[in-house]
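Please open the structure in your viewer and have the selection tool ready.

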Amino acid sequence: MSTTRSFWVTGATNGLGLALVERLLDLGQRVAASSRDCEQLQALSEQVLCLPGQLQEVGQADIASQQLQARWGALDTLIINAGSCDYLADDVASTDLFEMIVASNLRAAEHCLAAALPLLAKGDKPQVMVILSRYSASQLYEPNQPPSGLNSLPRWLRNQRATLKTLGVDLTVVAPQSLKTPVTLAQAIPELWTAQTAANELLARLEQRQPELVLEALSLNSLWPLPS
């Protein structure tokens, strides 16, 4: 990255989210991060602005936005790690695990985008990158229902594209290839991504501002660790 920009990274407790924060710091960027563990982030650098981590809860993203406003007054880039398991309760039943990942990431993405938009509107060439895992890209409820903004995070995100464009905000959706609605005819072969290699690749692609990127991972747990 040729210039210094301000970033808000969500789902930064571990895995890909934490690796994105680490790489951005290495690149000399201004970084704010939402995480369950602020002490871990501050151990990386005292320059990290620690924001509320439970963004699926009403009001937490607004508090984060207020802190960003007080620190920078604007935001250039929002990276929503929407494959995150940060929003799961410690006692979530294994039978409910994957549904809760989808539902909680959908709510967190809605809250974050709404809270960040006024700051992005004042940013420099603002952009949003949302990264989905195979878990969070799944459809809620009955999979044979038509996808909508209520049951599909990928569909909800793409529904926001026109509104974001009118505000001058570019949106990149990073997701596994969908068999129902493929975004490219090219075959995406699953790779053994680590959190670090995936973070490096995604940040290298930021300036290209591509609408869609396909990320197929052989080991989802290395990018989005499931609760033990």
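A residue is called buried here when its relative accessible area is under 20%. The model shown is predicted.

Begin by selecting strand 4, residues 77-81. Because 5 of the 5 residues of strand 4 are buried, the strand is largely enclosed by the rest of the structure. In a regular strand, side chains alternate between the two faces of the sheet. Both faces of strand 4 are covered: T77, I79 and N81 lie buried on one side, and L78 and I80 are buried on the other.

Then turn to the largest nonpolar core, which has 36 residues. The members that touch the most others are L16, L20, V21, I79, I131 and L223. Elements supplying at least two residues each include strand 1, helix 1 (15-26), helix 4 and strand 5. Helix 1 gives the largest share, 6 residues.

Centre the view on V21. Beyond its neighbours within four places in sequence, V21 is in contact with V9, A12, V31, A33, L41, L44 and V48. Finally, select L55, A61, L113 and L132, which are among the 34 residues of another core, lying apart from the largest one.

Terms used: Residues numbered from 1 in each chain as written. Predicted model: local features only at pLDDT ≥ 70, side-chain atom pairs only at ≥ 80, totals over all residues. Heavy atoms only, no water. Buried < 20%, exposed > 50% of the residue type's maximum accessible area, 1.4 Å probe, protein only. Helix = DSSP H or I, 4+ residues; strand = E, 2+ residues; numbered from the N terminus. Core = buried A, V, L, I, M, F, W, Y, C linked by side-chain atoms within 4.5 Å. Contact = heavy atoms within 4.5 Å.
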